[in-house]
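Trainee: Could you take me closely through the side-chain links of this chain, meaning the salt bridges and disulfides, and the surroundings in which they sit?

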Amino acid sequence: MVGLCVPAPGEGRRLRRNARSGWLTLGVLVCALGTFGFASPAAAAVFGADDRKPVPERLVQLGSQIGRLHNPMLGTNCTAFCVAPNVVATAAHCLFRKPPGRILRLQDFTVEMGSGPQKRQSRIAGARERAGGQHIVTGTTRLRVRPPIDAGSDWALARTETPICKGRTLPVEVRKIRSIERASDRGRMFQIAHHSDWDDWSLAYSRPCKVRGEFPSLRRATIRRDFRNVRHLILHHCDTKGASSGSPLLEQTDDGIVAIGINVGTYIQSKVLIRNGQVARKFEARPVANTAINASAFIAHIDTLASANILTARIDIRNLQRGLARADAYRGNVDGVFGNNTRTAIIAFQKKRGLAPDGLPTRTLLAMTGGAIDLPLPAANPAARGSAEIGATRRSAVTRAATTGADGIARLLHRGE
């Protein structure tokens with residue numbers, strides 16, 4: 001799936017004003033969402049020679065811990081890996097982005113772990129009640145593709161309907177970037193993922209590879225200019241292609257293999273020649289680094305999601321919305337439908353109470369808000385609120401045109417086969 005974003009409104013004019021003649025460097029982020037039926041830049045995430053190979057025998061056990069997130073209705077594929085008996089980690093865009101004109105339904109996703117007689121499959125928990133969204137903790141459901149790109153939030157944890165990861169959990173540990181770099185220099189960092197061009201969806205192994213906080217051609221100042229949540233970003237040179245989004249970035253330690261991050265995409269730079277304020281010539285894009293998200297962004301939510309008592313009944317979600325509204329955290333319709341507005345309200349309520357902001361609609365949260373008590377909502381604004389439910393008060397969306405310096409533009413491209 002190709003979805004190249006364009007510069008923010010007025011960005012091209014601003015570049016022409018600031019650079020009458022000379023070179024400009026353009027940045028592109030490629031997120032490897034494996035999608036059938038769409039073109040893609042095939043070599044975008046391979047650095048130098050393509051050194052991908054079948055998983056070595058010494059790592060074959062990882063085949064039961066790293067699997068595929070598949071949506072046959074959308075034709076999309078990503079990688080996911082086990083982090084708890086009933087929880088997998090992946091990239092957020094694998095769950096929440098869709099081809100244009102398609103309908104995305106979380107109940108259509110299937111998680112597959114292992115192969116042959118050892119293969120296990122499960123849908124996302126809540127699929128039967130069409131309540132899959134309640135069983136996902138994520139950094140974002142609406143990935144921003146214009147600068148500042150929020151790729152640092154492109155992670156998700158999903159609870160599975162059945163515990164397909166029982167006995168197959170991949171340990172997750174947080175590493176500071178200096179520790180990651182030292183492990184990389186010792187040849188201990190590597191990646192295993194599904195690739196859309198690789199041997200009928202078997203896993204591919206990316207050799208020990210360089211992992212850095214910054215590379216010589218991609219400095220931290222450039223990253224901070226183009227990305228949001230940069231403290232969670234990790235750059236690496238492990239070879240990846242379509243459907244590798246959501247795969248674990250792995251470290252071989254003395255005690256075994258651990259996941260230290262989630263792969264989400266590739267950063268590419270290209271140059272254009274400016275003459276008299278106009279683009280005179282474009283040059284081929286060059287991969288600079290792949291991007292991953294440090295486990296520090298999501299590790300605290302794994303155990304919570306695995307054991308949470310999630311609300312799935314519509315009446316329970318409606319009562320939760322009532323409670324959040326009385327706490328002045330929710331402004332949407334009290335309709336019992338769990339969506340972005342309800343998730344955002346839960347996070348706001350949790351932050352205000354000093355709780356971990358996971359956005360999960362739990363029975364504990366329902367009790368905290370008093371949402372199960374059928375009390376009238378405040379009617380401070382009768383035109384917007386009724387005595388029994390909040391009306392359809394809506395705020396107009398404000399679009400801020402994000403700009404970058406004259407030496408660069410960041411874009412986000414979702415890619416797949």
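Mentor: A search of the whole structure finds 19 salt bridges, a salt bridge being a side-chain nitrogen of Lys or Arg within 4 Å of a carboxyl oxygen of Asp or Glu. Please keep in mind that this is a predicted model, in which local features need pLDDT of at least 70 and side-chain atom pairs count only at pLDDT 80 or more, while totals for chains, interfaces and linings use all residues. Residues are numbered from 1 along each chain as its sequence is written, and side-chain values use heavy atoms, with hydrogens and water left out.

Among the salt bridges is that of Lys 119 with Glu 112, at 3.7 Å from N to O. Here Glu 112 is buried, with a relative accessible area of 10%, and Lys 119 is partly exposed at 38% (buried means under 20% relative accessible area, exposed over 50%, and partly exposed in between, with a 1.4 Å probe and protein chains only). Another salt bridge brings together the side chains of Glu 161 and Arg 123, at 4.0 Å from N to O. Because Glu 161 belongs to the loop between strand 10 (156–159) and helix 3 (177–185), and Arg 123 to strand 8 (residues 120–123), this pair ties together parts that are 38 residues apart in sequence; helices (H or I, at least four residues) and strands (E, at least two) are DSSP runs, numbered from the N terminus. Glu 161 is partly exposed, with 29% relative accessible area, and Arg 123 is partly exposed with 27%.

A further salt bridge joins Arg 331 and Asp 328, with N to O at 2.0 Å; Asp 328 is partly exposed at 49%, and the residue takes a positive phi of about 60 degrees just after helix 6. Elsewhere, salt bridges that share partners join Asp 50, Arg 52, Asp 197 and Lys 241 into one network.

Turning to the disulfides, the whole structure holds three, each counted as a pair of cysteine sulfur atoms within 2.5 Å. Cys 78 is joined to Cys 94 with an S to S distance of 2.1 Å, and the torsion about their S-S bond is about -80 degrees, so the disulfide is left-handed. Since Cys 78 lies in strand 5 (residues 76–84) and Cys 94 in helix 2 (residues 92–96), the link ties together parts that are 16 residues apart in sequence.

Cys 82 and Cys 165 form another disulfide, with sulfur atoms 2.1 Å apart, and this link is left-handed, with -70 degrees about the S-S bond. Cys 82 is in strand 5 and Cys 165 in the loop between strand 10 and helix 3, so the pair ties together parts that are 83 residues apart in sequence. Relative accessible area is 0% for Cys 82 and 0% for Cys 165, which places each of them among the buried residues. Among the residues that Val 87 touches are Cys 82 and Cys 165, where contact means heavy atoms within 4.5 Å; Val 87 is itself in strand 6 (residues 87–90) and counts as buried at 0%.

The disulfide of Cys 209 and Cys 238 has an S to S distance of 1.9 Å, and its torsion of about 50 degrees makes it right-handed. Cys 209 is buried, and so is Cys 238. With the bonded cysteines of the protein chain numbered in sequence order, the pairing reads 1-3, 2-4, 5-6.

How values were computed. Lists of a residue's contacts leave out its neighbours within four places in sequence.
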